[in-house]
Amino acid sequence: MEIVVCVKPVPEPETRLRAAADGRTYDTEAVKFVLAGYDESAVEQALLLKESIPGSKVHAVAFGPSPRTEEVLRASLALGCDQATWVEAPSELRPDPLATAHALARAIRPLPHDLVLCGKQAGDDESGLVAPALGELLGVPDFGFVVDLRWDAGSSRLTFRRETEAGEERWEAPLPVVVAMQQAWNDPRTAKLPAILKSRKVPIAKVAWTPLPAELGPTVPVRFELPPPRTGAKIVEYKTPGEAAEKLVRILREEAKVFP
Amino acid sequence: MSARVLVVGELRDGHLADPTLESVGSALALAGGPEGVVGFLAGASARSAASEYGRYGVADVRVAESGSFDSVPPAFLAPVVVATASETRSDTIVVGGTTFGRDLTGRVAARWNAAAANGVTEVRLTGEGFLVRRPVFGGRATETLRLEGPRRVLSLRPHSFSAPEEKPTEVRVTPAAAPEPAPGLLGPKRVAVAPIASGAGPGLTDAAIVVSGGRGLRAPENFHLVEELAQALGAAVGASRAVTDAGWRPPSFQVGQTGKTVSPQLYIAVGISGAIQHIVGMVSSRVIVAINSDATAPIFKVADYGLVGDLFEIVPALTAEVRRVRGL
């Protein structure tokens, strides 16, 4: 199976966020970037499929600025991806999920791609737009919120589950397909040192970025805001559990007004 | 300044789902009245539910009445939605930010060459342009985006918009323009749907109240304390990663960075210390209550109200008190 996995660098989860000087996006100065959490699940899923289907290959693809995008591609190679392609974004480019989908689609079209795996969203902008848009641009079905993805060799179909508001759906899909992962069922692996060293020697293919025509309706960041810091909980004092319950329910009804 | 809005409806139990009503509310505000709003529905019961749009003054409803829309991928629906938007000269498509809506938005945006945003909590059409506000970084920040160009597609975060006031009108139901989807999109099949393991309660991501349990419950057999409180509140049940990793509850219960992000009106954390992994999944909830025996637990830093003490005493008392005031 020829698997393409899309990866994105995001600030590590513990990052203390600050607005950038222009107030439009967040400040990336001194921020450590890592492979996005759901993308990590997608990479793990790609590697599990590769290990279970002889002759499979995993190709990591990313769109974004230097150096962090190249770094997550290196990290993906160290985890076990076979090849990597990078569409380098100009550093001044504002993030735009549809532009990202177009850039990734350009990179993926010439590659063999039975299965394109993504995270369902990235932990920074959480747009959740790239994988469905990629499905449309590649002309294949896409599925979001997927868990438990498996290959059924007998029927040559992928089987997977999706959790929706309606319940837990079970699906079967022939290839090719775009899948956005909800979470991995296995803990994503960590790269071993020899693999990290080896990954540094793998050449990363580069695809040129071209701006989208303006009529495609760009998304322009206007403001990035942090909420006022939470001041800590108001601790409810009580003598008996019954009093605690009574006081809390009264607060929720009368003060917080969240109780029916 | 006003928009022409197509609302893509979602059915639940044969009726318009709550997120669809919220979409109608937002659409009426954007369009400056019901004349600029068109309703859309797909599925076997699309026609019978179409009249529900009329309750809110929306008279023009397009339906793709076919059971096949109930069991095909969202990709299959995008061509119908885009054709309907073009036919009705809509410039804005609004859908509820459910799993259905969030998957549809990107697909439709790419097909319609539109700007798009998921999980929107505020929309404004002003001299500055079409502005949307949405939480990012798991609710730790918000961004305001200007969606430029002539078309845009939005999914709205559940519970962020009000359902519109009733203003009944007669509905004109028209079959939707339905171009044939590419044959390649027809392969995948939904083979089964089962109720989620969380049981009878509402789904985690669209519940108005969520009660989550953590390691403080000590053993899987104590998790019923959380479930009983949730049941009394009509809430969904969640769990910390410690609980799902230990296998007390399936991974679908997990709230947090590698699980689900929730933003209910009320979030009650029971025996959860508040690792950052968990916090990012629930910090955008409107009101947070923490119940924990450790007064120094980080969960109390993000909570609005805290009860420090033995959850094995407090939670049953709370369940009883909730039942009492609700007359259960």
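Two residues are taken to be in contact if their C-beta atoms, placed from the backbone, lie within 7 Å. The model is a predicted one, in which local features need pLDDT of at least 70 and side-chain atom pairs count only at pLDDT 80 or more, while totals for chains, interfaces and linings use all residues. Residues are numbered from 1 along each chain as its sequence is written, and chains are lettered from A and ligands numbered from 1 in the order in which they are written.

By that contact criterion, 72 residues of chain A touch 83 residues of chain B. The largest share of the chain A side, 9 residues, is supplied by helix 6 of chain A, where helices (H or I, at least four residues) and strands (E, at least two) are DSSP runs numbered from the N terminus.

The chains also share strand pairing, which requires that DSSP find at least two bridges between two strands. Strand 9 of chain A runs antiparallel to strand 13 (residues 189-194) of chain B, and 5 bridges join them; within strand 13 of chain B, B:V193 stands opposite A:E169.

Turning to chain B, 11 of the 14 residues of helix 1 of chain B are buried (20 or more other C-beta atoms within 10 Å of a residue's own, with C-beta atoms placed from the backbone), so this helix is largely enclosed by the rest of the structure. Among the buried residues are B:L21, B:E22, B:V24 and B:L28. Just after helix 1 of chain B, B:G32 adopts a positive phi of about 70 degrees.

Definitions and conventions
Buried ≥ 20, exposed ≤ 12 C-beta atoms within 10 Å, placed from the backbone.
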